[in-house]
Amino acid sequence: MNIYPGSLPFALPLLAIAGLTAGISIYAFRHQRQPGAIIFGWLTAAMTAWNFFYIFELIAPTLSGKILAGKLEYIGITATPVLWLIFALNYTGHLDWLTPIKRNALFALPTLTFGLTLTNELHHLIYIGTGLDPQGYPTLIILEYGIWFWVHVAFSYSLIIAGVVLYLIAYFQTQRIFRQQMIVMVFGSIVPLSVNAARLFTPIPLHGFDLTPFTFAFSGILLSIGLFRFNLIDMLPIAAPLVMDNLRDAVIVVDAHKRIVNINSAARIWLNIVDDVIGRDACKELTLLEPVWEKCKADAPSILLDFGEGDQHRWFDIAISSMQDAKKNLIGCVIIARDTTREQELLASQRRYTHQMEILNSITVASLETSSFPEMLQILADRLGELLEADGAFLTLWDEMEKKAIPAAAYGELRETYPTIKFSPGEKTLTESVLSAGHTLAINDVFNSPHMSPKIAARFPSRSILALPLISHEKKLGAALISFNQHHPFTEQEIAIGEQAAAQIAVALSKSQLLDSISHRIVQLGLLDVVSRQMTESLDEKEIFERTVQAIVSVFGYEEAAILQPIGNELELIAVGGTVNMGFRPGFRQNVGQGIVGHVAETQRYHYASDITNDPYYYHPDKLGVGSALGTPILYGSQLLGVIYIQSGLSNPIFQEDILTMQTLASHLAISIQKARIYAEARDNLTSMTTLQSVTETVTSSLELDNIFKTVVQLLKETYGYTYVSIYMLEDSILRFGAQAGYPEELIIYEIPINMGITGRTVRTKQVQFIPNVKSDPTFLVASYEVESEICVPLLKNDNVLGVLNIESTTSRPLTEKDIALLTSFASPVAMAIDNARLHAKITSFALTDGMTGLFNRRAFDQIFETEIARAARYEHLLSLIIIDMDSFKEYNDSYGHPAGDERIKAIAGILLEDVRNPDIAARYGGEEFAIILPHTTKAGAIMLAERLRESAEAQSPEKNTPGAVSSGYTISLGVASFPEDGTTSEEILLAADNAELTAKRLGKNRVYAAKTSENLPSE
């Protein structure tokens, strides 16, 4: 490296001096916490920079290098006087004079000077000419200084002298130990100043050398003495104003007229004073201290004042000391306000901590002393909210099976409504998040949190929430949520106390749930015992169901308990009870697959709904219900016997443990129901056998169908409770009424064509017809709108339908498949009775038949005619009678003989048998007289038949006489009478018809004559 020849002897001492000042600077910066250390460090750093660049000026080999180094020296040259004054102000306690504006002004001129130095070639304000020393010295020769250089000199000397003056003033005002420091500082500044002035203002030939940096060695020695001997940085003198300004307590001095005399910085900050208030009325300017001014006249006890709110809330302990002159006159007072915010906060924190400990203790007490689980939850929620003085607190339980949160209790404005809140499926709850995390979540803004759904956040007034997991023995129980309606950053202390509370609540919940589980299990076992005993006491299926429902409700207090039985594709409510009337009554039906009960019946598996409002299968006609529900099938093997349904509200929920209890109960019920059904079946079989025996005895002991039919319908109605029972006889294509039980007279249908109604279909198909719901069958013949179901059984003999047995029932006694088997068993003896009666009638008919003609004889005619008149009178039917007499039959016998006469009688009987209908009855009335009984026939109809018979007889005459002429043995005379027109008894009708026949003979024979009621002709 090239250096200027002969520069080392000058540069090496300067290098040692630079090392000394640099060391002092480093020492000062390392003690920067001491007052004035930083400014002192910069001051010595500026000296070091001055010295350092002066070394470069000496050793630079060229003129341009020396000029550059000379310019850089101005970094230290311009900064040193300013920093010297600032250090003097700080050292002597006058730093408050140096406002930011004044500080900027002090540095403005040196900054400008340094800038002008760097650009001197443009304006030559710092120096006009430069050169090398002609005698070879290494210094830069300034041939002539510019005008600004002298402005800089004047400014710099003024600053140094001002600092010296401050030191001298402080010398006479401070203690002895600080005076020694003052002497060091004064000499440390005077020596460089004197040397620099001598260089500038004396004609001493120095060959361009600036001895000022060399004097830094002397100043460095003095400063070192100050540092190591007098602890210059470690112990600085402090002026009274500085002391007052640096007091942490606020100090205000007022005179006797309450005018502000002095006020320190702490008081200005505390009272937010910006303007200069010295000399002003303290009462007007310092309104916050209004309680103080009344006590300024004499010493008074301290006053505790508090100001502000929230984070700005502060407490001050105000001490008032009066000031008196030598004559004890009050000249003013000193008000010292000590900020006791920290102490007050600590005290409040201590009180808060004590209160929190009391709350934590009350949580433990609540878990031990409260018997009701909902009541305990509410107490815990209240204590949790009080713990952190929060706006709200919420306790949620966790349903591990359903993976969802259940709101349980709340503190704050949602106290009443929170337990009824329901979360939609898929919504992310804070409970789910905190249990998944397994640790506390402090959420400062719920609207910007990934831990909960924004929709849920919008439903609550909370803004910040501390979420605490409730976990005991690795079992997730729920969450405790502490909320604030405004933004609230949670402290570590709040989180810690919250976690402590959550741990206690988790233990309380765990123990309470365990106790409830044990108590619940005891109750469950008690229920099974009660129900089992009641089941053994009854063999009636309905009574078993009713007792079971009553036991469930009395033991558990559920809002509703019910048992339903399957009937076809429907479920019928058999027994119901509960603490709340849900609007259902026995007999109510719903479809299989509908609601929870229908779903259980369809799947034959239990269904548990912890929250029925969100359950897809829950059903109620009026959409009622809040809480939980359980449906359990009653199964005997694979056969569904019924469904147990229980439902309860939020205050008495159904638990998972109840599933096993209800399944056990259902198993017991299935066995009991099966026993009851076996007993009922045996009882029904016995009843059926007894009833069947009675019917059989009636059949065997009587050949009277009316009596048999009446016995059968009465037995069926009285024994089996059927609503309506009837029997119909088949005659040709008409079902004719036989007997009934239960029908009002006006509802009886007496004749049913076989092409109509369910009974007609029974005849046509020869099969049993079972219609569970007659409203669904359009062929049903309505006798009563109350009828719901119908069974019609054909009465068969050798595959021939003899009649039908018909049962119709209302909803009070619905018909089932069992009734089909029962009624079918009755059909055989009834059909046998009909067949026997008909056989008997046939046998009887032989005794009542005329041997020659095959017609009924007179005896049979009298019996039948009496019966038909009685039937016509009973059922208000029409009936007609024809009396027939052969014309001049005696003459025929006399002419052709009696055998020929018998043949003519047979021929006339043949005409009657050929032309008379099946229900009509033809009889040989006596000798050559005949009679025809015509049921359900008007007089006009009878006259037409009589005329047809007359024509048929006339047509057989061998003599082709004029129409209407009489032919002995061939033509006939006929008389017609009708019921009730010509009489109401058999005697009256017979007399009327006989007289009409006599009238026909008297009128010329071979004619038909109808009786008139007014006629009363004597018989021949």
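Rings of Phe, Tyr and Trp (its six-membered ring) count as a pair if their centres lie within 6.5 Å, and the planes of a pair are called stacked under 30 degrees apart, edge-to-face over 60 and tilted for the rest. The model shown here is predicted, so local features need pLDDT of at least 70 and side-chain atom pairs count only at pLDDT 80 or more, while totals for chains, interfaces and linings use all residues. Residues are numbered from 1 along each chain as its sequence is written, and side-chain values use heavy atoms, with hydrogens and water left out.

**View 1. Ring pairs link four aromatic residues into a cluster.** The members to look for are Tyr 728, Phe 737, Tyr 750 and Tyr 875. Across the structure there are 21 aromatic pairs.

**View 2. Phe 149 and Trp 150 form an edge-to-face pair.** Their rings sit 5.1 Å apart centre to centre, with 80° between the planes. Phe 149 is buried, at a relative accessible area of 6%, whereas Trp 150 has 34% and counts as partly exposed. Here buried means under 20% relative accessible area, exposed over 50% and partly exposed in between (1.4 Å probe, protein chains only).

**View 3. Phe 861 and Tyr 925 also form an edge-to-face pair.** The centres are 5.4 Å apart and the planes make an angle of 85°. Because Phe 861 lies in helix α24 (residues 858-875) and Tyr 925 in strand β26 (residues 921-926), this pair ties together parts that are 64 residues apart in sequence. Helices (H or I, at least four residues) and strands (E, at least two) are DSSP runs, numbered from the N terminus. Phe 861 is buried at 0% relative accessibility, and Tyr 925 is buried at 12%.

**View 4. Helices α3 and α4 pack roughly antiparallel to each other.** Helix α3 spans residues 63-91 and helix α4 residues 100-118; their axes are 9 Å apart, at an angle of about 170°. Axes are lines fitted to C-alpha atoms, for helices over the stretch in contact, and angles run from 0 to 180 degrees between N-to-C directions. Angles under 35 degrees count as roughly parallel, over 145 as roughly antiparallel, 65 to 115 as roughly perpendicular and the rest as oblique. Among the α3 residues that meet α4 are Tyr 74, Ile 75 and Val 82, and the α4 side includes Phe 107, Pro 110 and Phe 114. Sorted by class, this contact has eleven nonpolar, three polar and one charged residues. Nonpolar covers Ala, Val, Leu, Ile, Met, Phe, Trp, Tyr, Cys and Pro, charged covers Asp, Glu, Lys and Arg, and polar the others, Gly among them.

**View 5. Helices α26 and α27 are oblique to each other.** The axes of α26 (residues 898-915) and α27 (residues 939-955) come within 10 Å and cross at roughly 140°. From α26, the contact is made by Ile 908, Ile 911, Leu 912 and Asp 915; from α27, by Leu 945, Arg 948, Leu 949, Ser 952 and Ala 953. By class, that gives six nonpolar, one polar and two charged residues.

**View 6. Asp 611 is found in a loop between two strands.** The strands are β16 (607-609) and β17 (628-636). Asp 611 counts as buried, at 10% relative accessibility. Leaving aside neighbours within four places in sequence, Asp 611 is in contact with Lys 404, Lys 422 and Gly 627, where contact means heavy atoms within 4.5 Å.
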